[in-house]
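Please walk through this structure with me, one step at a time.

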Amino acid sequence: MRYHTPATFEEASAIAAGATGVTRFLAGGTDVLVQMRADIVTPDDLIDIKHIPGVKDIVQEDDKCWSIGAAVAGAELTAHAGLCADWPGVIEGMGLVGSTQVQGRATLIGNLCNGSPAADSVPGLAAAGAEVSVVGPKGARQVKVEDIPTGPGRTTLAKGEVISGIYLPPRGKGGGDAYLRFIPRTEMDIAVVGCAVNLRVVGDKITEARVVLGAVAPTIVVVEDAAKALIGSTLDEAALETLAAAASAACKPINDKRGTIAFRTDVAGVLARRAAKIAYDRARGAK
Amino acid sequence: MPLDSKTTGFKYIGTRPDRPDGIDKVTGKARYGADAYAPGMLHGVMIRSPHAHAKIKRIDASKALALKGVKAVVTRADFPTGLEGEDWNIQENCMAGEVALYDGHAVAAVAATSLLLAREAAKLIEVEYEVLPHVTDVDEAMKPGAPAIRAGAADYSVPEGLHPNVMRYIEYGHGDLEAGFAAADLVMENTYKTEATHQGYIEPHACLAQLGSDGKGEMWVCTQGHWFIRRMSAAVLGIDVANLRVTPSEIGGGFGGKTTVFIEPVALALSRKAGKPVKMVMTRSEVLRATGPTSSSSIDVKMGMKKDGTMTAAKVTMRMQGGAFPMAPIDSALDCAFSCYNIPAVHHEGYDVLANRPKQAAYRAPGSPMAAFATESLVDEMCRALGLDPLKTRLKNASREGTKASFGPTFPRIGLVETLEAALAHPHYAAPLGPNKGRGVASGYWMNWGGETSVSAALGEDGSMTVSVGTPDIGGSRASMALMAAEALGIPYENVRVNIADTGSLGVNEPTHGSRATYATGLATIEAVKQISTKLCQRAADKWGIPAEAVIWEDGCAKPSGLNAGEFPPLTIGELAAEMGGTGGPISGHFEATPSGHGGSFGTHIVDVEVDPETGHTSVLRYTVVQDAGKAIHPAYVEGQFQGGAAQGIGWALNEEYIYGADGRLQNTVFLDYRIPVASDLPMIDTVIVEVPNPGHPYGVRGVGETGITPPLPAVANAVHGAAGVRLRSLPMSPPRILAAIKAKG
Amino acid sequence: MTLIHVTTTVNGDEVEFLADPRETLLDCLRDKLGLTGAKEGCGTGDCGACSVTVDGRLVCSCLVLGVEAQGKTIETVEGIADGEKLHPLQRKFIEHAALQCGICTPGILVAAKALLAQNPDPTEEEVRYWLAGNLCRCTGYDKIIRAVLDAAAEMREGA
């Protein structure tokens, strides 16, 4: 295995584009090293992006949007007061990935690129409207988070493409987001169902909403009908019931060692309700 | 010879000193199985079957052997033939012969100069399989048409007409069952099932093995019992036991799973072939796939009860699979099933069944948790139906001294009643419960064990004592042995050093299993050091010119037994030791026996849970363990056994299970999906140590390590019933199952 | 396969070793530096027995490559005591009988020390959630949590 420490993303991209065997990028390593140990993947080229300037930075730009480096660890995100105040749902999703030790290394971009349908950070990122910058042989492009995963372990990234950063839009007034997941224990499990809700309110009325489910389909599911149930409402019981029904209806889960189809479908509705309430309270409490 | 016993007035017993190996273990200095290194050592890696059941047609290691740095490959052909009985079972399990019997079954092994190279070489070993039909479920394995895993291997006990996968059949009981059920006001009958679970020790199996072409070898290994490892390895390899010296490392958990061999004979075989030491360490997925989880079970239980709670009759049928080999623990499971109760008529029936799963090994009170799940759940269901208090009903029927046990013998002095009374009186039992919360209680039993024991003690020149024992220190036992030695000699605890000796240094010792170490090694320690005090009394007598009978040992000194013996100031152990070379020679004591005075331990647990009615998620809110320790030598380590057993039982009840796919392969091979309790899953676990001394031990000790895992399975199920109004009879009670039950109830 | 030369600081000492890039930091600490305190319990970041800190951050050393240690500062269990003077956490673990087999103890001590450096007065719940990635199969965690809370109290008094 060749181990590379490029100094720029362009260099990282070129190494990957020119490689002939199995290539993996290394940020936190909390997926790649596990897969190497389990003989699921043995990279011929391992490209460590942590020597590239800016990968550990969290910056709030002038327009209040957030720019997060590719190697910022979960522990650094959850410790960032400004980011937590603006996007608690995104951060709490990332903060649920693994143990305290895993949080010391795991990254948003790694969680996204691993392509697990149950990834905890991805529903919140998609609900927030996050985007990533992709550097590739044909140059750079900006991609919405929900357009990256295509199925378990698969993304739309082409050979030689590497994600160089992740961006959250400005929170704006009256906004609030939340992420909940169901796991059988209290920690250390992969989400059986995940649900992120991002809202904006004017007074008590919801004016914008996005509801995204995880772990109930081959990729995250952006549930338009669930958003429609919320928009224009004051999160009354009728809206919540329609929301829950829409969330359950949008599930295309499987039976596996973590949950059954029936279970995931039921709990998606339950979590949608609960996450919506938390997001709503945060939105109304926001200045 | 009667054992002097004392149950009160202790100076050291019952205190909580620092364990002697504490500093080593908190500084990282202690050396466990994988912490040994030898110059020139090779690394061994196992090649394992990816099929649940397959004929092994051909193994071609030529590509692996062609790699520079690869020094040896072994297959079954490198092991002797002609073994029989359990020796053959062990050999077959360590290295497959003609057939791979489960997903993960070892079929070959390779040794190379680095671990990375050995792993690469393992991938190059070509194994050609002919896949056979498989069966993993115990009930399916008994049905006509199920694949026969080893035809003709059933023993004489099995009645005609049963499937060849049934290896053993047990039936026993006493009393008039029909009359008993007829006398009942309520007869209830249900089927309960438990899935296989793993002991879950955090340290994977590891050894550093060296075997010469002359059949002489040494091995460093993490094990609960190095004499067992020696005997089994020697049998599998065809060498004499005395030619293999096994040294136990510190052990990172065992719970029964490290009382047998898996990789050890293979590492020795690789070493012999390569001419170098070989280190072999299992990965976690190898541990889960291919060591010894406990059996899964399917249990039918029926009980008759009068309106006032009196039990009139009970009947149980248990089906257990122990993997592709016999000896699933149906014997002890059946013995424990009704052991808590004095029931006039009982009947037991058990089937030991083969399945394409790894060979089961002991897991903390083998069989008893499954049996308790069935009986204690049924008792709870019956108490609910009759409107009776579950603890008072248990107390009403509780086994006591003189009760004819369900498994035959008459109980000597036992402490079940005391645990039930303590539980009834405990504030936990009376604490109020809110919505979605429920409380469950259950009792459990483990008979414990004596076993072959050899201990040697040697007096140091300064009066300090070295005690060499043969049971590895898996949970603080060095402290307990030192306390018992200190008590017996009347010398400070700090002056006793306990060593775990290797197989070349002591007579045979059984493992630290069966909750026997504090009892049997402890008893032998007391006797061994008393031999020393007896000899010291003789030396004092010689010095004083009085008969030995006129000298007593007290508070670490030899003293004249009374004024008539003479007025001599006491001689301390240190003073006598300083002269011993010239007064008769070095002084040692030893004791060997297979003691049979072990006393069983009963326990009663109380648990509160909260169940989220919308998701089926269960939280354990409060847990209390009440258990009889006989005499708690070091109470903190007794409490630790209570708490550890409860935690494992909670995991077994709620989330732990072996999940096999339709292809017969294990699906959850890492801790991510083999879900043991984490720190945030559990509350503090309160403990109450009941002490009903065991007359068979000088200080009243009863083993405590195992009983603690038996009540949690039913106690949690009973609590879930209280919290959510649903009765689950199949473990684990994972959220999807609880939610499905809640929805079905409507 | 070319080995990579790594220079790093472990428990205050500058050390160096040659690593195959596939080897983890855990492999390197144990097999090349003789620091066998960190243990492999799972190899997948689920058990925490391999816990160390890298530049002050608590991580699983089985999920860090040895070559990533270049230029970093690493602390292992072997660095917690000050010569023969045990850290309050170590003393409290012995005092509270917070270990039975002891295999999880090094990882838990490293993790608990990292917690108290960040939060000197944690609640029981905070301790439990912080340590959720440190599996213990022997103790049921009760005495471990008590030992950590007691050590925290002692350290606050002395501070």
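In which sense do strand β2 and β6 of chain B pair, and over how many bridges? The pairing is antiparallel and runs over six bridges. Strand β2(B) covers residues 54-60. One of its residues, Arg58(B), has Glu128(B) in β6(B) as its bridge partner.

Now widen the view. The sheet is open and has three strands, in the order β4-β2-β6 of chain B. The pairing is antiparallel. Strands β4 (99-100) and β6 (126-131) of chain B each have a single partner strand, so they stand at the edges, and one side of each is left without a neighbour in the sheet.

A word on confidence. This is a predicted model. The predictor gives the complex an ipTM of 0.98 and a pTM of 0.98. Chain C averages a pLDDT of 97. In that chain, 99% of the residues score at least 70.

Next, look inside. Nonpolar side chains tend to be buried together in soluble globular proteins. Here the largest nonpolar core has 181 residues. Val266(B), Met303(B), Phe93(C) and Leu131(C) have the most contacts inside this core. Take Val266(B) as a way in. Leaving aside residues up to four places away in sequence, Val266(B) touches Met46(B), Val74(B), Phe79(B), Cys94(B), Met95(B), Ala109(B) and Met280(B). A second core is separate and has 77 residues. Among them are Leu112(A), Tyr179(A), Val15(C) and Leu65(C).

The size of an interface is often given as the accessible area lost when the parts come together. Chains C and B bury about 4,200 Å² between them. Carbon and sulfur atoms carry 58% of that area. Three residues supply 20% of what chain C buries against chain B: Ile94(C), Gln100(C) and Arg137(C). The contact involves 47 residues of chain C and 56 residues of chain B. Five salt bridges are counted between these two chains. In a salt bridge, the side chains of Glu639(B) and Lys143(C) meet at 2.6 Å, N to O.

Chain B brings 23 residues to the contact and chain A brings 21 residues. The salt bridge count between chain B and chain A is five. Lys743(B) and Asp266(A) join their side chains in a salt bridge, at 3.4 Å from N to O.

Conventions. Residues numbered from 1 in each chain as written. Chains lettered and ligands numbered in written order. Predicted model: local features only at pLDDT ≥ 70, side-chain atom pairs only at ≥ 80, totals over all residues. Heavy atoms only, no water. Pairing = 2+ DSSP bridges. Helix = DSSP H or I, 4+ residues; strand = E, 2+ residues; numbered from the N terminus. pLDDT = per-residue confidence, 0-100. Core = buried A, V, L, I, M, F, W, Y, C linked by side-chain atoms within 4.5 Å. Buried < 20%, exposed > 50% of the residue type's maximum accessible area, 1.4 Å probe, protein only. Contact = heavy atoms within 4.5 Å. Buried area = accessible area lost by both parts, 1.4 Å probe. Salt bridge = Lys/Arg side-chain N within 4 Å of Asp/Glu carboxyl O.
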